[in-house]
Amino acid sequence: MKTLLIATAAIATLAIGTAASAQEVGKVYGSVGYSQTDNDKTGANLGSLNARVGTKITPHFGVEGEASFGTNDDKIAGNKYKLTNKAAVYGVGYLPVSPSFDLIGRVGVSDTDLKAPASAGKFEQGTALEYGVGGQYHINPEYSVRADYTRSDFQSDKGNADTATLSLVKQF
């Protein structure tokens, strides 16, 4: 009997989470946030402001676009690095854990422009495969706070970058 009650409670919790998530299908959301990126080939630690726009196609899948612009530079071994800009598009998976919290996974591609001295080569810029995970806490039906981690694998052995982002999300 105890097992049946626990199973029923778990199913009810998942159903409530899915129902809350289903209400967002077709709505557009936008976010603004700050990202911190660590680059493995250059060793640079770069900050950026980002904006995202997306929508849920189903309760568990959506798409989003992202644009980022560098906010600081980093000097490594006398070389100055700065993120000029980054544009990306992602497929996003959502797993509602509760009515107020979702786990997020995303996969996409990006194009990154890094300002670096010619002597440093063109590492960590160009096209990259991106993938990451995160979580989103719904403050109320209109606003959420989102934290995520994204890994960038650049083409042609140009290295990798790890990005942590904190964003405020608004439903429209």
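Mentor: A contact means heavy atoms within 4.5 Å. Keep that cut-off in mind for what follows. This is a predicted model, in which local features need pLDDT of at least 70 and side-chain atom pairs count only at pLDDT 80 or more, while totals for chains, interfaces and linings use all residues. Residues are numbered from 1 along each chain as its sequence is written, and side-chain values use heavy atoms, with hydrogens and water left out.

Trainee: Which residues does Tyr 90 touch, not counting residues up to four places away in sequence?

Mentor: Tyr 90 touches Gly 62, Val 63, Glu 64, Glu 66, Arg 106, Val 107, Gly 108, Glu 130 and Thr 150. Its place is in strand 5. Strands (E, at least two residues) and helices (H or I, at least four) are DSSP runs, numbered from the N terminus.

Trainee: Is Tyr 90 buried or exposed?

Mentor: Buried means under 20% relative accessible area, exposed means over 50%, and partly exposed is in between, using a 1.4 Å probe and protein chains only. Tyr 90 has a relative accessible area of 2%, so it is buried. Of the 172 residues of the protein chain, 38% count as buried.

Trainee: How many helices and strands are there in the protein chain?

Mentor: There are 1 helix and 9 strands. From the N terminus on, the order is α-β-β-β-β-β-β-β-β-β. Among contacts between residues at least 6 apart in sequence, 56% join residues at least 24 apart.

Trainee: How do I read a nonpolar core, and which residues are in the largest one?

Mentor: In soluble globular proteins, nonpolar side chains tend to be buried together. A nonpolar core is a set of buried Ala, Val, Leu, Ile, Met, Phe, Trp, Tyr and Cys residues joined through side-chain atoms within 4.5 Å. Here the largest has 7 residues: Tyr 29, Ala 88, Tyr 90, Val 92, Tyr 94, Ile 104 and Val 169. Strand 5 (residues 79–98) gives the largest share of this core, 4 residues. Apart from it lies another core, of 5 residues, including Ala 44, Leu 46, Leu 83 and Leu 114.

Trainee: What does Val 92 touch, leaving out residues up to four places away in sequence?

Mentor: Val 92 touches His 60, Phe 61, Gly 62, Glu 64, Ile 104, Gly 105 and Arg 106.

Trainee: How many bridges join strand 8 to strand 9?

Mentor: Two strands pair if DSSP finds at least two bridges between them. Strand 8 (residues 143–154) and strand 9 run antiparallel and are joined by 11 bridges.

Trainee: What should I look for in phi?

Mentor: Most residues other than glycine have a negative phi, and most peptide bonds are trans. Ala 77 has a positive phi, near 50 degrees. Ala 77 lies in the loop between strand 4 (73–76) and strand 5, and counts as exposed because its relative accessibility is 77%. In the hairpin of strand 8 and strand 9, with 5 residues between the strands, Ser 156 takes a positive phi near 55 degrees.

Trainee: Which residues lie nearest the centre of the largest cavity?

Mentor: Of the 21 lining residues, Thr 37, Leu 83, Lys 86, Thr 112 and Thr 163 lie nearest its centre. The second largest cavity holds about 50 Å³ of space. Its lining is Glu 24, Lys 27, Tyr 29, Lys 56, Tyr 94, Gln 136, Val 169 and Gln 171.

Definitions and conventions:
1 Å grid on protein atoms, 1.4 Å probe; cavity = no way out; pocket = protein on both sides within 12 Å on 5 of 7 lines; lining within 4 Å. Points joined across faces, edges and corners; volume = space filled by probe spheres on them.
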